[in-house]
Amino acid sequence: MIDILRLSVPITVWLVSFSAVYGLHGIVCAAEWAGRPGIGHLSLGHVLLLAASAMAVLVQAGLMFAIANVRVGGPRGFTRRTSLALAVTALVATVWTLFPVAVLPMCR
Amino acid sequence: MLTIWSSDPRFRGWLTTNNNNDIGTLFLCVATAFFVVGGILAMLIRAQLATPGSAFMGPEAYNQVFTMHGTVMMFLFAIPFFEALSMLILPGMLGTRDMAFPRLGAYSLWVYIFGGSAVIAAMLIGLAPGGGWFMYPPLSSAAFSPGIGADVWLLGITSIEVSAIATGCEVVVTVLRYRAAGMSLARMPIFAWFILVVSVMILTAFPPMILGSLLLEVERALGWPFFQVENGGDPLLWQHLFWLFGHPEVYIIFLPAAGMISTILPVMARTTLVGYGWVVTAVASLAVLSFGLWVHHMFATGIPHLSLAFFSAASTLVAVPTAVMIFAWIGTLWQGRPTMKLPMLWIMGFFATFIVGGLTGVMLAVVPFNWQAHDTYFVVAHLHYVLIGGYVFPMVAAIHFFLPLLGGRTRFFKLGEIAFWLTVPAFHFTFLALHLAGLLGQRRRIWTYDDGQGWTVINLVASVGAFVMAIGFALVILDVIVNTLVSTRARRNPWGAGTLEWATSLPSPPYGFASIPVVTGRYPLESDPALAHRIARGEGYLAQSSRNRRETLIVDTSTGAPAQVAVLPGNSRLPFLLAVVTSTSFLAPLVGAYWLSGAALTGVVILALIWAWGLGAKTDEGPVDAGRGLSLPTSQEVPDPPGWWGSLMLLLADGVHFGALLFGYAFLWTLAPDWPPESWLVPGTAGPVLALGGALGLVVGTRLAARAILRTRRPWIGFALAVAGAMSLEMAAVSIWIMCPDPAAHAYVATLWLLAGHVALHATITLIMLGYLIARVIAGYTSPRRIGEARIVQLWGDFTALTSSMALAAAWAPGVFA
């Protein structure tokens with residue numbers, strides 16, 4: 001069961017964070033936070049989404065390093081290698097799917 | 001062994017069997033029959049569109065035909081067909097004797113047959129739905145689709161989804177626990193990985209669709225306005241729920257076919273799969289990534305650009321793991337010495353077709369192009385390239401490959417080769433042409449067009465190609481039938497494959513293996529050619545049948561070390577009867593017989609209790625001889641029996657259903673035009689106290705009861721607490737219904753009713769389970785060893801407490817904060 005968790009957690013966390021950021025974007029637009037001042041020239045909505053995206057990347061990176069560690073990732077072998085590959089995939093997926101937050105307007 | 005595992009004789013045997021060979025064969029035959037129906041409907045579509053201004057069909061008939069074509073192919077053919085093949089070959093591949101829950105498999109089959117037949121029967125009497133296979137409201141609402149056509153779709157398809165979820169639970173537990181000794185995760189056949197991932201996808205993708213169907217059916221029948229803008233609803237909610245299911249569905253269909261390719265290709269290339277670990281990584285990635293793509297079906301709905309970019313990025317990303325798989329297959333071909341036998345021909349057809357479909361998929365993932373091609377024949381051509389090229393061609397390869405295993409004969413008559421050379425080129429004639437029609441502006445689902453629009457020649461070519469393709473598929477079916485019935489007998493392992501399913505005599509006997517094999521590698525027959533004979537000589541586990549019951553091995557999930565002896569149930573008509581009442585409960589509302597539906601639901605509860613009561617024992621058996629000097633506990637005397645794992649999987653699906661309900665609530669709250677409602681529900685103090693106390697009582701009570709059974713003490717205090725807890729939750733739910741009496745007034749109130757309904761339903765199920773467990777304790781079916789049933793009830797109690805607390809908090813929170 002632990003091995004199944006090692007294999008499934010990182011990529012599932014990507015799905016959760018991706019859905020959460022998408023949901024937050026819905027709230028930002030519905031509550032009109034995209035028009036409220038945040039930090040510097042960034043709106044409140046933009047700041048929130050950037051913070052959420054950065055947190056998602058950090059969590060994925062943390063998971064990746066944890067699985068690379070023997071204490072969490074378990075002994076060397078198929079499960080460890082595959083878990084690590086999935087964790088790297090999840091990190092790349094997080095960066096790739098959330099980078100539009102940094103470059104696109106919020107609610108147009 | 002044969003006496004113990006055989007089905008009942010004659011016709012009765014078909015109704016009472018639960019052996020994977022019988023169930024899989026029946027599943028396969030019925031799915032093929034539905035494929036023929038779907039194919040005939042496709043020919044009607046192409047006959048209508050072959051010429052401009054055709055009078056072959058009117059618009060209403062055409063709407064029904066294309067709706068049913070999509071519905072039949074997606075729900076009645078594609079998913080059941082791979083489930084059938086999995087049931088037939090998976091136990092053999094894993095080195096076990098049957099699926100984990102044989103009766104559940106039989107139940108799944110019969111529910112599928114009854115649900116599918118009802119949908120087809122409705123079509124034959126002209127009552128089919130006409131709103132397209134994704135049934136968008138408001139077109140599918142009662143106002144614009146009167147009659148029972150849409151209801152047939154919603155209720156019939158939901159019952160088939162119940163069947164798929166039952167099979168999903170069965171497959172997950174089978175792959176995780178029912179394997180040969182020594183078959184660790186690293187040694188599992190690659191198809192087992194694919195089907196494990198797909199089954200988890202079924203458990204997580206189907207619940208949003210079931211919720212959507214429930215909402216739409218309730219709106220149609222009772223007027224609860226989930227999708228009506230004027231009363232707080234939003235039709236876009238349906239699109240989200242549908243595509244939360246619909247996009248992963250594409251991968252649910254593709255991945256089993258990819259699993260088949262990963263199994264067959266190395267055998268045809270006389271080598272082993274290149275990059276096994278990378279393929280496992282790719283399939284797991286693809287499965288999860290596919291849940292982040294659903295909005296790419298909604299690019300034209302006016303969603304903000306940033307959201308479009310999220311889903312466009314995710315859509316392009318899935319090309320990477322798909323490419324990893326394709327390069328692994330190419331590497332396998334490069335490494336081996338391929339032989340161009342019939343299964344290989346179809347796999348080559350797959351390569352030529354699927355890669356084109358994949359590339360047009362990447363084109364459609366790019367938003368500006370998607371806007372141009374949206375709802376045109378370009379999309380129709382793309383999805384047929386992916387589904388026929390990516391699913392049907394590999395499945396035809398699989399049928400030809402596994403034919404000796406299924407019927408015990410090798411191919412003698414060579415109709416299959418003719419079929420291949422008719423089907424694949426004809427397919428490309430048809431759908432390559434339709435890409436062009438789409439780019440020239442032909443919209444999908446139009447029932448006719450005028451001459452001079454530039455589509456006439458293209459449509460004629462596509463129609464001729466489609467009819468040739470249909471002849472090709474008819475020849476495939478004929479080839480399989482003829483070679484199964486009258487061809488020459490096959491010798492053991494005719495392809496020289498390395499996996500365990502080829503270690504049995506042909507066709508596979510009902511018990512599969514005379515003894516459970518011990519494996520030391522990923523391709524046991526390749527590393528040990530004498531293994532088949534040693535299995536037959538009884539040198540594996542559980543070779544003796546002296547206990548006169550169906551037994552197989554349960555192993556540790558990771559290492560494959562022997563852990564338990566599973567005791568499987570014998571033949572029974574209970575699955576058939578339960579399927580009859582389940583289907584009746586779904587289908588009776590179609591004719592307004594709500595009382596019959598209620599009575600059938602009561603029948604479901606009674607039969608399920610009878611089913612469960614027949615399992616287990618009143619005395620402890622202790623560890624039993626498993627062979628090779630090893631004694632193991634039976635699955636009835638462990639804390640984590642198969643039923644516990646099955647419950648865990650079912651609760652995963654249930655949890656996703658609940659999550660989809662919360663998503664729907666949040667969606668309406670934030671995005672529906674007519675929100676907020678006039679007033680929020682204010683809970684007062686009684687409701688929250690009941691909810692908190694109830695959840696706590698349930699969690700603590702079930703634990704106290706289980707601990708008391710474990711220590712041979714009286715469990716009554718625990719039971720009393722748990723029953724009181726479940727009843728408190730019921731009362732909290734009822735309080736919401738009383739305080740908001742009119743769910744048809746606004747989508748907010750309707751959603752509150754559903755949230756309370758979730759609580760009431762789960763509290764009721766938990767009460768029934770507690771009543772059952774109390775009766776089992778009184779009758780002597782529990783002991784410190786036989787603790788499994790108490791742990792299953794505890795699991796359900798925990799789930800009920802957690803989700804009920806969340807549901808009630810979600811219902812009351814707006815009123816509290818307002």
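Reader: Which residues touch the most other members of the largest nonpolar core?

Author: This is a predicted model. Its largest nonpolar core has 296 residues, and B:L255, B:M325, B:W329 and B:Y391 touch the most other members. Helix α4 of chain B, residues 59–94, gives the most to this core, with 22 residues.

Reader: What does B:L255 touch, leaving out residues up to four places away in sequence?

Author: The residues touched by B:L255 are B:F194, B:V197, B:V198, B:M201, B:V283, B:L286, B:A287 and B:M325. Another core, of ten residues, lies apart from the largest one; among its members are B:V555, B:V565, B:A626 and B:L632.

Reader: How do you know that A:C29 and A:C107 form a disulfide?

Author: The sulfur atoms of A:C29 and A:C107 are 2.1 Å apart. A disulfide requires them to be within 2.5 Å, so the pair qualifies. By this rule the count over all chains is one disulfide.

Reader: Why is the disulfide of A:C29 and A:C107 called left-handed?

Author: The torsion about its S-S bond is about -95°, and the disulfide is therefore left-handed. The pair links distant parts of the chain, 78 residues apart: A:C29 is in helix α1 (residues 2–30) of chain A, and A:C107 is in the segment after α5 (100–103) of chain A.

Reader: Why is α4(A) called oblique to α9(B)?

Author: The axes of helix α4 (residues 78–98) of chain A and helix α9 (residues 276–289) of chain B come within 10 Å and cross at roughly 40°. Angles under 35 degrees would count as roughly parallel and those from 65 to 115 as roughly perpendicular, so α4(A) is oblique to α9(B). Their crossing is right-handed.

Reader: Which residues of α4(A) and α9(B) meet?

Author: On the α4(A) side they are A:F78, A:T82, A:A85, A:L86, A:T89 and A:A93. These meet residues of α9(B) including B:Y276, B:W278, B:V280, B:A284 and B:L289.

Reader: How do α5 and α19 of chain B cross?

Author: The axes of helix α5 (residues 102–124) and helix α19 (residues 574–587) of chain B come within 8 Å and cross at roughly 35°. This crossing is right-handed. Residues of α5(B), including B:W110 and B:F114, meet residues of α19(B), including B:F576 and B:L587.

Reader: What makes B:F413 partly exposed, and what is B:F413 in contact with?

Author: B:F413 has a relative accessible area of 31%; because this lies between 20% and 50%, B:F413 is partly exposed. B:F413 is in the loop between α14 (377–407) and α15 (415–439) of chain B. Leaving aside neighbours within four places in sequence, B:F413 is in contact with B:D479, B:V482, B:N483 and B:V486. B:F413 and B:S487 are 74 residues apart in sequence, and their C-alpha atoms are 7.4 Å apart in space.

Reader: Which peptide bonds are cis, and what is omega in each?

Author: A cis peptide bond joins B:P137 and B:P138, with omega about 10°. B:P138 is in the loop between α5 and α6 (149–177) of chain B. The bond from B:W675 to B:P676 is also cis, with omega near 0°, and B:P676 is in the loop between α21 (642–671) and α22 (686–710) of chain B.

Reader: Are B:L542 and B:T712 buried or exposed?

Author: B:L542 has a relative accessible area of 2%, under the 20% limit, and is therefore buried. B:L542 is in the loop between α18 (531–536) and β1 (550–555) of chain B. B:T712, in the loop between α22 and α23 (716–739) of chain B, has 62% relative accessibility, which is over 50%, so B:T712 is exposed.

Technical notes:
Residues numbered from 1 in each chain as written. Chains lettered and ligands numbered in written order. Predicted model: local features only at pLDDT ≥ 70, side-chain atom pairs only at ≥ 80, totals over all residues. Heavy atoms only, no water. Helix = DSSP H or I, 4+ residues; strand = E, 2+ residues; numbered from the N terminus. Core = buried A, V, L, I, M, F, W, Y, C linked by side-chain atoms within 4.5 Å. Buried < 20%, exposed > 50% of the residue type's maximum accessible area, 1.4 Å probe, protein only. Contact = heavy atoms within 4.5 Å. Axes fitted to C-alpha atoms, helices over the stretch in contact; angles between N-to-C directions. Parallel < 35°, antiparallel > 145°, perpendicular 65-115°, else oblique. Left-handed = near helix turned anticlockwise from the far one by under 90°.
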